[in-house]
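Visitor: Hi, could you walk me through this one? I'd like to ask as we go.
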Amino acid sequence: MAGSTPASLSADAVVAQATSASRPRKPVSPAAEAWRRFRKHRLAVVSLGILGFFVFAIVAGPFLWRVPINDVDFAAQTAWPSWTHPLGTDDLGQDLLARLIYGGRVSLAVGLAAMMVSVFVGVVVGAIAGMASGWVDAVLMWVTDLFLSLPQLPLLLMVIYLFRDALKAAFGVEGGVFIMIVLVIGGLRWMPNARLVRAQFLSLREKEFVEAARALGASRLRLVVRHILPNALGPVIVAGTIDVAAAIIAESTLSFLGLGFPPDIPTWGRVLFDAKDYLDIAPYWALFPGACIFFAVLSINFIGDGLRDTLDPRRVL
Amino acid sequence: MTEQELRKLIDGVKTGHLERRSFLRRMLAVGLAAPLANQLLALSGVPMAQAATPYKPTKAGGGGTLKLLWWQGPTLLNPHFATGTKDQDGSRLFYEPLAGWNSTGDLIPILAAELPSTANGGLSPDGKVITWKLKQGVKWHDGMPFTADDLVFNWEYARNPATAAVTSGSYKDILVEKVDTYTIKITYPKPTPFWADAFVSAVGMIIPKHLFADFAGDKSRDAPTNLKPVGTGPYIFKEFRPGDLVTGVINPNYHMPNRPYFDAVEMKGGGDAVSAARAVLQTGEYDFAWNLQVEDEVLTRLEAGGKGAVRITEGGSIEHIQCNFTDPNKEVDGERSSAKTKHPSLTDPAVREALSYLVDKDSVHKFIYGRGGNATANFIFNPERFASKNTHYEFNVDKAIAILDKAGWKPGPDGIRVKDGVKLAYLYQTSINQPRQKTQAIVKQACAKAGIGIEIKAVTASVFFSSDVANPDTYPHFYADLQMYTNGPTAPDPAIFLQQFLSTELCQKSNKWQGRNITRWVSEEYDTTWHAQEAELDPIKRAALMIHLNDLVINNHVVIPVVTRPSVAAVSKPLICELSGFDSYIWDYANWYKEV
Amino acid sequence: MSPTYVLRRLLLSIPSLLGISVVLFTVLAMAPGDPFGDIVMNPNVPASVAAALRAKFGLDDPIYIRYLHWLAAMVQGDWGFSFQSRIDVDTLILQRLPTTLIVIGASQVVAMLVAIPVGVLAAAKPYSLFDQVANTLAFVGFSLPTFFTGLLLILIFSVQLGWLPFVYRTDLNTHGLAYLADEIKQSIMPVMVLGLFQGASLVRFVRSSVMDVVKLDYVTTARSKGIGRSRVLLRHVVRNAMIPVVTLIALQMPIVFGGAIVTEQIFRIPGIGSLLITAILANDTPVVMAVTFVFACLVVLFNLIADILYGWLDPRIAFR
């Protein structure tokens, strides 16, 4: 959005004519065009850099920073940041940098994957309910209401009890836990997204441009995918970024229920939680995981904004 | 100290040759704790000290509100239904027992006029009959007199299966009779060395007959007084919001002179332990906070606030690691960890011994629990009388390696030791609780050095400590190789607690996992020793038997004790109070006051 | 939105709530745990006691019988009997309702009052300094969990400055204005913690949906007719941008009843959230069932209200 102004469809046409008249453009592939649009959003590009840095850190970090994550060292309990421990240590003298690098892998993967699950389910349910109306809408909204009403704690305990061993057997310890966490977090957070998308659809499907497309004989699927969905994406992208933050934090609560990763895996949310009682003794301990979550969420959000600009059919660039 | 020497000393007290206090001091010096030393004297015909705590205020009232912070608030106020200590403590605000245990382990009379002893005829020589004399002139909060009828009623109420009282275990096998208005007689079916159970401490709180008589048995849940207690205690009930708040106001007719000191009392519930400590130690919003199972480093930091201090009182609770003697990975007749199986590696004594060298208790004490957990070699460590001197502990990875090498467990390609295809890789479970996860981390690290692989598992406490038959994650199922939690005797006598290693108590599917023997360790010698102590009236011989039981468990490495778990409370600077590791935190709160 | 439509939806919500109650009951009955676990653990309590209690509270019956018992009682207005407190469930809930409504309700109001204007203003001038600051704060707001911000506030305002109490009391013994002052003093931190957490996401949604509407044709038309910027924003944009916001608020409203577990725990607020979590941890099913069922009724009700509001905000929306 930076540097661009919103304009109407008619203006779009005028500007497009003007550009084509003054400077004939070479036809570009859709991907290149998307990248060109995305690049205009400077914050999005910077954010892509930050996220890239995070990904690089968690992938290459363990090779560059070779301190074990669970090396208990009582001589260095709650040590402030220093050269030996650039981010300090926790109350068992474990190196926080190593722990955050290691835990970041889990936190980012869980955050992104769970967000995708919740956004995907939410969009599908919301879009079907919003387009279909009638009994399909009623049934889907009933399911949404049901999920909203379920008390999460007993539900989670039941899920662990029923499925943990089965998933462990099917996907191995780490993989099974990962899949379960992603499904559980995503499965318990799609409802607001579904309601948001449905509300947008209810409004958008009556708009002139949709009617116009319908009159031109566009199929229902085409209506949804090409015309309504791109216009309904705004709240979805916001919801998506909030979901990433919520999933990273939720993962740490899950491990308290015995549902998450084993408690000795230092995910960001977990480290933040462990640090809270030491906030007045060792503030740095909470600061670093907090900052990691903050910057991850921030960058994902701006990337989301950039993506919306890229996909927005009305945007003039 | 031999039996002979001890008897000589007791005679010295009897004849007045030896002062009572110096007798107790000598007993402590030889490792005989006060509660049993006292019972020892009682059985030998010496009355127990009617020790009065020094109490300075010269009139009742005038002390403002006593503000107690229980981070889990009481949810019900009938002592016979009190499932946890929070409910027992809430009930104790208004109800009183005949006697309670103080910090040194003395039995202190509360509603009793005096304690039963051989000298006053309260204890029969055969150890079967106890006669209690009640305090006269005690009134219930509604003005009715407190008499022997109330005690007989409490016995009937609690033993009635239809009431389903939690206290029924203490009353169902005894006979309680009224001798006169202020005297009752308790008859045990067999000689009972530890008789101070019924009407004593938490299970002994007495409810009024005139308000509950119509609501015994099936109707017990309809009693209006379940929610509005009428007791004999220092404060009269005012308001109750389950889980949040209990309040009371001063009882002007309390049966002890110049007491209580405060005009009102409130017990606030909710929140977590750290912030409870903060409210007493750092901001001074509250006078007393209970059960602070918090890292000592955090507590020390909060104490620097200067508004209060942390008080540690040792009881009998012990954090320990249990070894599974059955195979948790093999299913037999629909259950794992079946008593019909044998654990492939933990049944090897060398492996268990090696494990015991790999638990760095001193570090766990020093860096995790601090004052809230002292390293110990014993399973039964308190009262001191029962604490064995024949055990020791050591953290030594090299020794563990040597033991494993010698026993033929050789490191495999992945560094984990193997013998005949059996790997030393263990699942080590406990409840979710930060200090426990840190302990797991410390043990895991040491085990890795010795070539034992540990997978850590933590189960949410509400599941781990439940009796759910269908859930494999509870501690009684023990579907893991090692597990860790805290447990301890509920009275200053370990006999019932030590049932947990009897072969008749095996915890298995057939008894819906309600047996007490969770390690599934079986030893004939242990069984016979335990049954011998049951009938042993001689306290010295009985103590020796208890110590032998402890030694069997420790030297066979059935469990590995980690640290003791004393009760930890935060007390504001001016508050003067006596706490006890053998009774409720507020067992003596009629005597609490503030130094101005 | 015709009255018959509303009536039809209300009638339809009865079977839908019944269905929800069946699922809730089944989940609670199947979730692991045992209300009398403490008793079974205690070596001094004979095993028969727990068995007698289970029989007494009908826990040994099959699930469908227990459900029918619950339903029959609920229809007659009997909410059940708490295993843990041995007290009627409605008494427990009513005791905690006022506190929950005051504290959680106030935080929702704060969230809305702050978030909607901030979001609109931020969208009006995207990428201005105001927008950047508002966004950054919003990101901080939902990146940091309430357990953390709550503790931070306590450390600053209770411990360091000593201005505010951090234990919420239901037995304030002051009256009149002094009572009001005390109530505000003890509520301000929890209200802020929760309000900002909720408000942070609301700001993002408001901003995003206002920006979506601003670019629509009719806004350009209105602007080109020479209508003032702020007038267009208020009269034309905001109303249409409210659809996602109404959706979100409708999602939040049931929480006013359900309470906020973490915040209530930090500040010891005896709200319904803390009742629910204690009941869940103690496997006190009747309490959990009652609270979640009321919550479910509110979810369904506010979903209906949201649908009605959509029709008012955008008259073209028609439910068939």
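This is a predicted model: local features need pLDDT of at least 70, side-chain atom pairs count only at pLDDT 80 or more; totals for chains, interfaces and linings use all residues.

Visitor: How many residues do chain A and chain C put into their contact?
Guide: Chain A brings 48 residues and chain C brings 54 residues.

Visitor: And which elements give two or more residues on the chain A side?
Guide: They are helices of chain A: H5 (134–149), H6 (152–171), H8 (190–204), H10 (220–256) and H12 (283–311). H5(A) gives the most, with 8 residues.

Visitor: What's the make-up of that side, by residue type?
Guide: On the side of chain A that touches chain C, there are 33 nonpolar, 9 polar and 6 charged residues.

Visitor: Switching to chain C: at what angle do H5(C) and H8(C) pack?
Guide: About 35 degrees, and their axes are 6 Å apart. In chain C, H5 covers residues 89–124 and H8 covers residues 176–214.

Visitor: Is the crossing left-handed or right-handed?
Guide: H5(C) and H8(C) cross in the right-handed sense. Their contact divides into 23 nonpolar, 7 polar and 1 charged residues.

Visitor: Okay, now chain B. What is the strand order in the open sheet there?
Guide: The order is S14-S15-S16 in chain B, 3 strands with antiparallel pairing.

Visitor: Which strands are at the edges?
Guide: S14 (410–411) and S16 (422–423) of chain B, each pairing on one side only.

Visitor: How many bridges link S15(B) to S16(B)?
Guide: S15 (residues 417–419) of chain B pairs with S16(B) over 2 bridges, antiparallel. Across that pairing, Lys419(B) stands opposite Val422(B) of S16(B).

How values were computed. Residues are numbered from 1 along each chain as its sequence is written. Chains are lettered from A and ligands numbered from 1 in the order in which they are written. Two strands pair if DSSP finds at least two bridges between them. Helices (H or I, at least four residues) and strands (E, at least two) are DSSP runs, numbered from the N terminus. Two residues are in contact if their C-beta atoms, placed from the backbone, lie within 7 Å. Ala, Val, Leu, Ile, Met, Phe, Trp, Tyr, Cys and Pro count as nonpolar, Asp, Glu, Lys and Arg as charged, and the others, Gly among them, as polar. Axes are lines fitted to C-alpha atoms, for helices over the stretch in contact, and angles run from 0 to 180 degrees between N-to-C directions. A crossing is left-handed if the near helix is turned anticlockwise from the far one by less than a right angle, and right-handed if clockwise.
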